[in-house]
Amino acid sequence: MEPRGSRFDDQRMEIIMGRLLQAGVLLASTVVLAGGVLYVRRHFGSSVDYRTFAGEPANLRSISGLFRLLRAGDPAAVIQLGAILLIATPVARVVFAVVGFALERDRFYVAVSLIVLAVLAASLFFSS
Amino acid sequence: MLLFTLLVFAGSIGAGLLGALTGLGGGVVLVPLLTVVFHVDIRYAIGASLISVIATSSGAAAAYVREGFSSVRIGMFLEIATTIGAVFGAFLATRMPTRALAIIFGVVLLYSAWLSWRQSRCHTEESGHSSPWSDRLRLSGSYPDGTGRQKSYKVDRISAGFATMFGAGTLSGLLGIGSGAVKVLAMDQVMRIPFKVSTTTSNFMIGVTAAASAGIYLHRGYVDPGLAFPVMLGVLAGSLLGARLLVRARVSVLRSIFTVVILALGVEMILNGAMGRM
């Protein structure tokens, strides 16, 4: 093991990860902002009540329902799409870590990253 | 509607700013703000907060990376514990009364404040101890010391740090916060990782941890688009500003801000929960 050499690679990996996260957040927040502007325009005069919890309509909670609403141009669905893109951003970072550690030939950390990825995948798929 | 959105947006900027400066993530200030000031149901507050926490963590990432403090290995290794904890916490949250959530939230805030106060009183920067596993698990690293040189460090008490991280993940999933305070505690106090390395690495871990429970919240309808969008954009704007200030701010000043705000919010949350106003 060469601490100096691996340090350099880790540094590069982190820089790319940083860019990846930044790009993901930029994309997600652009979508959320667009959805937010549309949302405010549609619900301009109406009053809001978040005191009581009702849960969101089923269409906003599932991917297929979400795309149906998106095609109908529902602003809430646009915001929700942004939220999903945002959740995908750190997941993409972990996927990249698997690749990065593989390039460094660090099997132990490839395994570590894969475990984290498996937990994320399990939480995203089993909850639906 | 417009006024409410603008006020939530402004409050979120403040929460994001403080969250980035302290390495906490905006959620710790945001959830009490939404519930206590804006009378939002704590479940909607948690959902919106968790989304904003991901934005905070990822948005500030590029700025933190440039400083060269964070450690991708320590982060990834400990994320095993935080993500499993987060899934556990999110399932607990859906089975718990909101009053209990409010009280737990308050207790967590008070405890963080106490830890932070104690930390600033007797802080041991260099202990000299390190676990033999620090090198074997490749957790040892180095960071710029401000004079252009690299300062190396090792990691101590890895299993205790790992267990604390599981707790941090559970709190994150349960309360919709980044639980950066507990993550920093696990690294800075338990594992004796330098403070700046701890806070920046914690920032990366927050996003991955929150993503592990965000899917569950989304499916359960905790994420309201009308509330989530001003919160997310506001916290993101505040956190980006905070990340720029972090490089210049002094660590002791950060801890002081951290302690006072956390203490006040903790008392407020417990009172609200105990009196059934949640």
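**Reading the contacts between chain A and chain B**

Author: The side chains of B:Ser70 and A:Glu14 are joined by a polar contact of 2.5 Å. A polar contact is a pair of N or O atoms within 3.5 Å; within protein, one must be able to donate a hydrogen and the other to accept it, and residues adjacent in sequence count only if both atoms are side-chain atoms. This is a predicted model, in which local features need pLDDT of at least 70 and side-chain atom pairs count only at pLDDT 80 or more, while totals for chains, interfaces and linings use all residues. Residues are numbered from 1 along each chain as its sequence is written, chains are lettered from A and ligands numbered from 1 in the order in which they are written, and side-chain values use heavy atoms, with hydrogens and water left out.

Reader: Where in chain B is B:Ser70 found, and is B:Ser70 buried or exposed?

Author: A residue is buried under 20% relative accessible area, exposed over 50% and partly exposed in between, with a 1.4 Å probe and protein chains only. B:Ser70 is in the loop between α3 (42-67) and α4 (72-93) of chain B, and with a relative accessible area of 2% B:Ser70 is buried. The helices named here (H or I, at least four residues) and strands (E, at least two) are DSSP runs, numbered from the N terminus.

Reader: How many residues of chain A are in contact with chain B, and what is the area buried between chain A and chain B?

Author: The size of an interface is often given as the accessible area lost when the parts come together. Here that loss, taken with a 1.4 Å probe and summed over both parts, is about 5400 Å², and carbon and sulfur atoms give 72% of it. Counting contacts (heavy atoms within 4.5 Å), 61 residues of chain A touch 56 residues of chain B.

Reader: Which residues of chain B meet in a salt bridge of 3.1 Å, and which residues do salt bridges that share partners join into one network?

Author: The salt bridge of 3.1 Å, N to O, is formed by the side chains of B:Asp41 and B:Arg43; B:Asp41 is buried at 8%, whereas B:Arg43 is partly exposed at 25%. The network consists of A:Glu104, A:Asp106, B:Arg73 and B:Arg138.

Reader: Why is helix α2 of chain B described as largely enclosed?

Author: Eight of the eleven residues of this helix (residues 27-37) are buried, so the rest of the structure largely encloses it. Among the buried residues are B:Gly27, B:Val31 and B:Thr35. After α2(B) comes B:His39, whose phi is positive, near 55°.

Key: Buried area is the accessible area (1.4 Å probe) that two parts lose on being put together, summed over both. A salt bridge is a side-chain nitrogen of Lys or Arg within 4 Å of a carboxyl oxygen of Asp or Glu.
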